[in-house]
Amino acid sequence: MIDLYTWGTPNGRKVSVMLEECGIPYRVHTVNIGTGEQFKPEFLAINPNNRIPAIVDPQGPGGKPLPLFESGAILIYLAEKSGKFFPQENKYMVLQWLMFQMGGVGPMFGQAHHFLRAAPTKIEYGIKRYVDEAKRLYGVLNKRLAEAAYLADEYSIADIATYPWVARHEWHRVDLAQFPAVKRWYDTIGARPAVVRGMAVPPVVT
């Protein structure tokens, strides 16, 4: 059974969705990032970068325990462990869109969230910069998803990584009706039972 250290954020939910999709048994350990639990020594021993999510697989490579952090790395590891959602004949397209999420969607949507919801003062420059960039990235996604059912043609870790961020579209002032291909993709993925279960882990809102 894999130990999952997580909180109710898009990055955390990538991993719980993946675990549910793969049918891998796991045990949830909540790390309340609002109260600073990510700085506790026992968590830092798993992830010295004090970020969720992280996992510990007691049966890692060679049968040895493997602690692992960074959500993208965890998705690749779980995909290779399970043999699911990382088609090798199309692996570089999957990695391309996974990196697009890791380097663009996550950081930029996250900045929009910060300036709109968390910043102690409303900084219009920051709000405009990151909301505009979020909408540009939605445009990139929409163009791709108008051509294909999923980001890398078939459902993969690229979609699993991106979906939880799009699930917060209202947080960054995006109306999915303006991006119909993204909405079709979003609704399709959101109807998957494993996604519904994974998105409810842990049952908290931040």
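Contact here means heavy atoms within 4.5 Å. The model is a predicted one, so to speak of local features takes pLDDT of at least 70, side-chain atom pairs count only at pLDDT 80 or more, and totals for chains, interfaces and linings use all residues. Residues are numbered from 1 along each chain as its sequence is written, and side-chain values use heavy atoms, with hydrogens and water left out.

Take T162, which lies in helix α6 (helices are DSSP runs of H or I, at least four residues, and strands are runs of E, at least two, numbered from the N terminus). T162 has 0% relative accessibility and therefore counts as buried, that is, under 20% relative accessible area with a 1.4 Å probe and protein chains only. Setting aside residues up to four places away in sequence, T162 touches Q101, L141, L151 and W185.

W185 turns up again in the largest nonpolar core, a set of 51 residues in which M18, I55, L78, I157, V182 and W185 touch the most other members. Such a core consists of buried Ala, Val, Leu, Ile, Met, Phe, Trp, Tyr and Cys residues joined through side-chain atoms within 4.5 Å. Helix α6 gives the most to this core, with 7 residues. Another core, of 8 residues, lies apart from it and includes V31, F43, I46 and V56.

Then there is W171, whose ring has the charged end of R117 sitting over it, 3.5 Å from the centre. The charged end of R168 also sits over the W171 ring, at 4.0 Å from its centre. For this, NZ of Lys or CZ of Arg must be within 6 Å of the ring centre and within 35 degrees of the ring normal.

How values were computed:
Buried means under 20% relative accessible area, exposed over 50%, partly exposed in between (1.4 Å probe, protein chains only).
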